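Here is a short report on one protein model.

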Amino acid sequence: HLKRPTNVNPSQSAAPLRHFIFDTKSLFLCGSPAGFFLLLKRASLLPRSGQHKPGTDASDHRGVAGEQHTYGCLAVDNVYNIINPYDPVAYRLNATVDVNYATTLRTAHVPSVNAGWFSNPFGRLGAGSLAAAEGAVGIKPALGRLPSNVEMETHNFTREEIAEERAYLLNDNDQIDFFLRYGGGPLEIQYLTMLGAHSSYWISKDFVRLIVVETGRAEGRQGTLMSMRAVNKKAQIS
């Protein structure tokens, strides 16, 4: 479990074996086979019920979040599954949240540090330009709150709505999988590329910069980068 229990004393001599002694806000997976093990268990990746994620009401997650001790249920605010496309060990995780929702998303890439001398892929947009850009690509506005228990009982929420809420609770970007731009070349070279792909993450400037930016940004969807937000495949830029 990733959530620190309330009865743990950080000053105690014996560290707990089943819990961290601190709350975990973000979990970065790189070249992770976690999706494979979820598949074997026929389990889903779920947000944790009672998790006090900024911008949401922890009491309104019934039917969306899972309970403690449920396989694949994480007590974190943001999960990042970083994938080198040549890595034979890495598995996608978006589909473990909801298969149909995952198929509607465009492939998301980790922003490159080599975008250009005068461009900043991690720069923030002003409020006006941000709103215009979000309207252009059809990204929904920030989620004010999740539905109350009464609304859950009286409204027939679709699978898509539940999937979107789960994805947001698991990552402010509404998605979990992010691909590194890596390698390429003739087919005979690609096999050699695969041999070093799994050990390439920490030598990637894009990967290291992603961790620095994501751990230091403002909380909630308003703090995310435009280039990392989930975009529906059907969204058209006007």
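## Cavities and pocket

The largest cavity has a volume of about 40 Å³. The model is a predicted one. Two cavities of 30 Å³ or more are present in the structure. Eight names make up the lining given for the largest cavity: Asn94, Val97, Tyr101, Leu105, Ala167, Asp174, Gln175 and Ile176. By class, five of these lining residues are nonpolar, two are polar and one is charged.

The largest pocket holds about 310 Å³ of space. Its lining consists of 16 residues. Nearest the pocket centre lie Leu38, Tyr71, Gly72, Cys73 and Leu74. Three elements each give at least two residues to this lining: β1 (26-30), α1 (34-40) and β3 (73-74). The pocket lining splits into 10 nonpolar, five polar and one charged residues.

## Fold

The protein has eight helices and five strands. Along the sequence they run β-α-β-β-β-α-α-α-α-α-β-α-α. The protein has 238 residues, and 41% of them are buried. Take the contacts between residues at least 6 apart in sequence: 77% of them join residues at least 24 apart.

## Cysteines

How many disulfides does the structure hold? The count is zero. A disulfide is a covalent bond between the sulfur atoms of two cysteines. Cysteine 73 is one of the residues nearest the centre of the largest pocket. Cysteine 73 counts as buried because its relative accessibility is 6%, under the 20% limit. Cysteine 30 has 27% relative accessibility, so it counts as partly exposed.

## The loop between α6 and β5

Asparagine 173 and aspartate 174 belong together here. Asparagine 173 sits in the loop between α6 and β5. Aspartate 174 is in the loop between α6 (159-170) and β5 (177-179).

Is asparagine 173 buried or exposed? Asparagine 173 is buried, because its relative accessible area is 0%. With neighbours within four places in sequence set aside, asparagine 173 is in contact with Tyr80, Phe178, Glu214, Thr224, Leu225, Met228, Arg229 and Ala230.

Aspartate 174 is one of the residues lining the largest cavity. Its relative accessibility is 7%, so aspartate 174 counts as buried. The backbone of aspartate 174 has a positive phi, near 65 degrees, in a residue other than glycine.

Arginine 42 also has a positive phi, about 50 degrees, and is not a glycine. Arginine 42 lies in the loop between α1 and β2 (46-47). Arginine 42 is exposed, because its relative accessible area is 79%.

## The segment after α8

Arginine 229 lies in the segment after α8 (205-216). What is the relative accessibility of arginine 229? The value is 5%, so arginine 229 counts as buried. Arginine 229 is among the residues in contact with asparagine 173.

The side chain of arginine 229 has polar partners. One is the side chain of threonine 224, through a polar contact of 2.8 Å. Another is the backbone oxygen of arginine 221, which lies 3.2 Å from a polar atom of the arginine 229 side chain. Threonine 224 is also on the contact list of asparagine 173.

Arginine 229 and aspartate 174 are 55 residues apart along the chain, yet their C-alpha atoms are separated by 6.6 Å.

Asparagine 232 is in the segment after α8 too. Asparagine 232 is partly exposed, because its relative accessible area is 33%. Beyond neighbours within four places in sequence, asparagine 232 is in contact with Thr104 and Arg106.

The two C-alpha pairs described for this segment are set side by side below.

| Residue pair | Separation in sequence | C-alpha to C-alpha distance |
|---|---|---|
| Arginine 229 and aspartate 174 | 55 residues | 6.6 Å |
| Asparagine 232 and arginine 106 | 126 residues | 6.0 Å |

## Where the parts meet

Aspartate 174 takes part in two of these stories. Aspartate 174 lines the largest cavity, and its C-alpha atom is 6.6 Å from that of arginine 229.

Key
Residues are numbered from 1 along each chain as its sequence is written. This is a predicted model: local features need pLDDT of at least 70, side-chain atom pairs count only at pLDDT 80 or more; totals for chains, interfaces and linings use all residues. Side-chain values use heavy atoms; hydrogens and water are left out. A disulfide is a pair of cysteine sulfur atoms within 2.5 Å. Buried means under 20% relative accessible area, exposed over 50%, partly exposed in between (1.4 Å probe, protein chains only). On a 1 Å grid over the protein atoms alone, a cavity is a set of points where a 1.4 Å probe fits but cannot get out, and a pocket is an open set with protein on both sides within 12 Å along at least five of seven lines; lining residues have an atom within 4 Å of a point. Grid points are joined across faces, edges and corners, and a volume is the space filled by probe spheres set on the points. Ala, Val, Leu, Ile, Met, Phe, Trp, Tyr, Cys and Pro count as nonpolar, Asp, Glu, Lys and Arg as charged, and the others, Gly among them, as polar. Helices (H or I, at least four residues) and strands (E, at least two) are DSSP runs, numbered from the N terminus. A polar contact is a pair of N or O atoms within 3.5 Å; within protein, one must be able to donate a hydrogen and the other to accept it, and residues adjacent in sequence count only if both atoms are side-chain atoms. Contact means heavy atoms within 4.5 Å.
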